[in-house]
Amino acid sequence: MDQAALALLKESLKQPLTCIGILTSGGDAPGMNAAIRSVTRAAIHHGLRVKGVRYGYRGLYEGNRPGATEEEKNIVELKAGSVGDIVHRGGTMLHSARLPEFKNPDIRTQAAYNALKEGIQALVVLGGDGSFFGAHLLASEHGIPVIGIPCTIDNDLRYSDVTIGFDTAVNTAVNAINELRDTMNSHDRISIVEVMGRNCGDIAIQAGVAAGAEAILVPEVKKSDEAWINHIVTKLEMSRRRNKRYGIIVVAEGCTRHSQTPSEVQKAVGETLRLIDRGADGAVVRERLVQVLADLKINEFTPDSIAQDLKKRMPDIDARGTVLGHTQRGGSPSASDRILASRLGLMAVEQLLNGCRAHAVGIKGGQLICRPIPEAIAVKRRRLSQREMIRLAEILAMYAQVRRAACGFPVSDATCAFPSRRAGTFCRRAAMPRIGPEGRGGRIWRRYPWRSPTRPPTARGLAG
């Protein structure tokens, strides 16, 4: 690629905006097609041409080879009819791909050259934080204006209250758990369900509450493997006191730890091959390979391993592990995701026309927002994602009532009665639990020590 030719092409960036490009990068999410449709038709409405980039940054890097047919091109013209009949479809009509090599400045330079050569003066990027970071580099290094639209089922872009695809993924997980509940109920089994979300537990929390899970494991709550198992066992024992013989445990992807990662497998194979090169006999090679594979499984923490641990702690139960996997990325997007994608698509085009150069659009408090990409990516996740939802899950699982009963307090279906400062009365406010199973009450216990849950009720305030 000629640097002089690239500099000449960059002169087009000084001209009024006439053509924009759109690409989808990273993992797909339901609602991407609705966003593509919105961006395309909004741009045409404002008198702009639209180029669709297939296979994300990889397609932008490879560009259009000479003589390629319309089906073989990576960068194609989009018309209003090109995006018809896609708003209800999952996935992305432009396809998606990952390109780790995009971290290389030479790769980005080639991608910028291909974009400018096709007449693209600005870019709309649909994806997550990695896609946004790549877009920011294109803007800062080559001056191409970019706007990011948050499309990820993980909901881990905290500058926005919700990302496109999250609502559909939660509904998909809830529907799957509902179907599992039927068979678990029939056989009195415990189902440990792993949902997606990478290092964010939002899908697990919302799907677990909506599906009535007994326990929800999320990466925002830091616990050891043993502590999580104890937590699940406590919840199941509570359920059994209510004569419930089956249960649903929802585990976020960020809490699991699968044994055979690619690097570990590569290391195991490399060690075995070195033994073969040294002329070791078959018995030694076989013994070494068995040992290496055994070591890989020591630190495993998956739905199946959790089920095995529960069987050891509670021999009379039957537990099964289920990984929902990529089914949560597919399916027709929900109405909420379609509407959000349509709104953000229009806003992205109008922000480009207003002169934004490296920004991301989103929604906060019901209002559409536009933030610089570095600022949007820098927003850190809350330590406890959706604290209110976690507390709600604990209350609905009847965890607090059973804890009070274990402390010696009377428990009814409605509330738990505690002695108040005045004899002969009861304080319902004192029955409010503190968030989390390890809590020992809220502020009221520190203010009124005689109401401490660690002490059983005395004659003070109680008849007899």
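Colleague: Is Leu392 buried, exposed or partly exposed, and why?
Modeller: Leu392 counts as partly exposed, because its relative accessibility is 34%. Buried means under 20% relative accessible area, exposed means over 50%, and partly exposed lies in between (1.4 Å probe, protein chains only).

Colleague: Before I go on, what kind of model is this?
Modeller: This is a predicted model: local features need pLDDT of at least 70, side-chain atom pairs count only at pLDDT 80 or more, and totals for chains, interfaces and linings use all residues. Residues are numbered from 1 along each chain as its sequence is written, and side-chain values use heavy atoms, with hydrogens and water left out.

Colleague: Back to Leu392. Which helix is it in?
Modeller: Leu392 sits in helix H14, residues 387-396. Helices (H or I, at least four residues) and strands (E, at least two) are DSSP runs, numbered from the N terminus.

Colleague: What about the whole chain? How many helices and strands?
Modeller: The chain has 16 helices and eleven strands. Of its 464 residues, 48% count as buried. The chain exposes about 22600 Å², with 51% of that supplied by carbon and sulfur atoms.

Colleague: Let's do sheets. In what order do the strands of the open sheet with S7 run?
Modeller: The order is S7-S8-S6-S9, four strands with parallel pairing. Strand S7 (215-217) and strand S9 (318-323) are at the edges with a single partner strand each, so one side of each has no neighbour in the sheet. On average, neighbouring strands of this sheet are turned by 20° against each other, direction ignored. Two strands pair if DSSP finds at least two bridges between them.

Colleague: How many bridges join S6 to S9?
Modeller: Six bridges join S9 to strand S6, residues 189-195. At one of them, Arg189 is the bridge partner of Asp318 in S9.

Colleague: Which salt bridge involves Arg189?
Modeller: The side chains of Arg189 and Asp318 meet in a salt bridge, 2.9 Å from N to O. Arg189 lies in S6 and Asp318 in S9, so the pair ties together parts 129 residues apart in sequence. Arg189 is buried at 18% relative accessible area, whereas Asp318 is partly exposed at 23%. A salt bridge here is a side-chain nitrogen of Lys or Arg within 4 Å of a carboxyl oxygen of Asp or Glu.

Colleague: How many salt bridges does that rule give?
Modeller: The count comes to 20 salt bridges. One of them joins Arg108 and Glu141, with the closest N and O atoms 2.6 Å apart. Arg108 is in helix H4 (residues 105-117) and Glu141 in helix H5 (residues 129-142), so this pair links parts 33 residues apart in sequence. Arg108 is buried at 5% relative accessibility; Glu141 is partly exposed at 34%.

Colleague: And where does Asp316 come in?
Modeller: Asp316 forms a salt bridge with Arg240 (2.6 Å, N to O). Arg240 is in helix H8 (residues 225-241), and Asp316 is in the loop between H11 and S9, 76 residues away. Asp316 counts as exposed, at 55% relative accessibility.

Colleague: New topic. How many residues of S4 are buried?
Modeller: In strand S4 (residues 122-127), six of its six residues are buried. Ala122, Val124 and Leu126 point one way, while Leu123, Val125 and Gly127 point the other way.

Colleague: Which strands pair with S4?
Modeller: Strand S1 (residues 19-24) runs parallel to S4, joined by five bridges. Strand S5 (residues 146-150) also pairs with S4 in the parallel sense, over five bridges. Val124 has Ile147 as its bridge partner in S5.

Colleague: What else does Ile147 touch? I have Gln351 in mind.
Modeller: Gln351 touches Ile147, along with Cys356, Val361 and Cys370, not counting residues up to four places away in sequence. Contact means heavy atoms within 4.5 Å. Gln351 lies in helix H12, residues 335-353, and counts as buried at 16% relative accessibility.

How values were computed:
Axes are lines fitted to C-alpha atoms, for helices over the stretch in contact, and angles run from 0 to 180 degrees between N-to-C directions. Accessible areas come from the Shrake-Rupley method with a 1.4 Å probe; for residues, only the protein chains shown count as cover.
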